Amino acid sequence: MRKLAAVFALMASPALATGLQIEVEGEGANGTITVDLLEDVAPKHVEQIAALAAEGQYDGVVFHRVIEGFMAQTGDVEFGKLGGNMAAAGRGGSSRPDLPAEFSDIPFDRGVVGMARSQNPNSANSQFFIMFDPGHFLNGQYTVVGKVTGGMDVVDQIKRGKGQNGSVIGQPDVMKKVTVTE
């Protein structure tokens with residue numbers, strides 16, 4: 001009976017999703033980004049991202065750290081909601097446990113989506129970033145979870161942050177709605 005329940009749980013799991021559709025609004029970017037999630041490369045990370053998206057956890061979350069020539073970071077479902085205290089954005093995660101690293105040999109090229117983490121390689125939770133340009137110094141150090149397959153022009157328009165840490169001043173661009181796609 002347990003095996004049958006496990007099979008049904010896997011069949012209903014959002015990890016079987018193949019992508020995300022991210023509707024972005026803001027002063028910089030307005031449009032849709034589509035992401036192909038790489039279940040075969042980072043199954044635990046993809047399962048967590050897909051579950052958070054399916055629950056609506058990413059809806060209304062801002063791009064809080066955006067560095068020209070590098071990447072745009074988002075996904076802080078705890079502190080990164082539009083209208084919240086933006087000074088805390090980027091410090092949180094979700095109510096789910098942190099994930100063990102799932103490093104691969106996929107390089108961090110333009111359009112690659114990676115998981116943000118602290119100094120601990122096993123601390124990724126809900127935050128992710130999209131690469132503007134190659135960042136091969138990240139290779140083997142961060143988990144690759146996907147690749148942008150549409151809307152890279154929208155990614156390129158995301159409002160940039162200021163200074164070395166890339167914090168966005170004023171109102172950041174926001175993921176208005178994130179939908180899991182099949």
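Modeller: Let us begin with charge: Lys and Arg count as positive and Asp and Glu as negative, while His and the chain ends are not counted. On that basis the chain has 15 positive and 21 negative side chains, and the centres of the two sets lie 5 Å apart. Please note that this is a predicted model.

Biologist: What makes the radius of gyration of the chain agree with that of a compact globule?

Modeller: The globule rule is 2.2 Å times the number of residues to the power 0.38. For 182 residues this gives a value near 16 Å, and the chain has 16 Å, so the two agree. Along its principal axes, the C-alpha trace spans about 55 × 35 × 30 Å.

Biologist: What is the order of helices and strands along the sequence?

Modeller: The chain has 3 helices and 9 strands, and their order is α-β-β-α-β-β-β-β-β-β-α-β. Of the contacts between residues at least 6 apart in sequence, 67% join residues at least 24 apart.

Biologist: Why is Gln141 called partly exposed?

Modeller: Buried means under 20% relative accessible area and exposed means over 50%. Gln141 has 41%, which lies between these limits, and is therefore partly exposed. Gln141 sits in the loop between strand 7 (128–131) and strand 8 (144–150). Beyond its neighbours within four places in sequence, Gln141 is in contact with Phe103 and Arg117. From Leu20, Gln141 is 121 residues away in sequence and 23 Å away in space, C-alpha to C-alpha.

Biologist: Why does Pro107 count as partly exposed?

Modeller: Pro107 has 28% relative accessibility; the cut-off for buried is under 20%, and exposed requires over 50%, so Pro107 is partly exposed. Pro107 also lies in the loop between strand 5 and strand 6. Its contacts, without residues up to four places away in sequence, are Val112, His136 and Asn139. Pro107 and Gly80 are 27 residues apart in sequence and 27 Å apart in space, C-alpha to C-alpha.

Biologist: What makes a set of residues a nonpolar core?

Modeller: Its members must be buried residues of the nonpolar kinds, joined through side-chain atoms within 4.5 Å. The largest such core has 34 residues, and those with the most contacts inside it are Ile22, Ile33 and Tyr58. Among the elements that each supply at least two residues of this core are strand 1 (19–25), strand 2 (31–37) and strand 9 (174–181). Helix 2 gives the most, with 4 residues. Ile33 touches, among others, Leu20, Ile22, Ile130, Val148 and Val154, not counting residues up to four places away in sequence. A second, separate core of 11 residues includes Ile67, Phe70, Phe108 and Val112.

Note on methods
Residues numbered from 1 in each chain as written. Predicted model: local features only at pLDDT ≥ 70, side-chain atom pairs only at ≥ 80, totals over all residues. Heavy atoms only, no water. Contact = heavy atoms within 4.5 Å. Charge placed at Lys NZ, Arg CZ, Asp CG, Glu CD. Buried < 20%, exposed > 50% of the residue type's maximum accessible area, 1.4 Å probe, protein only.
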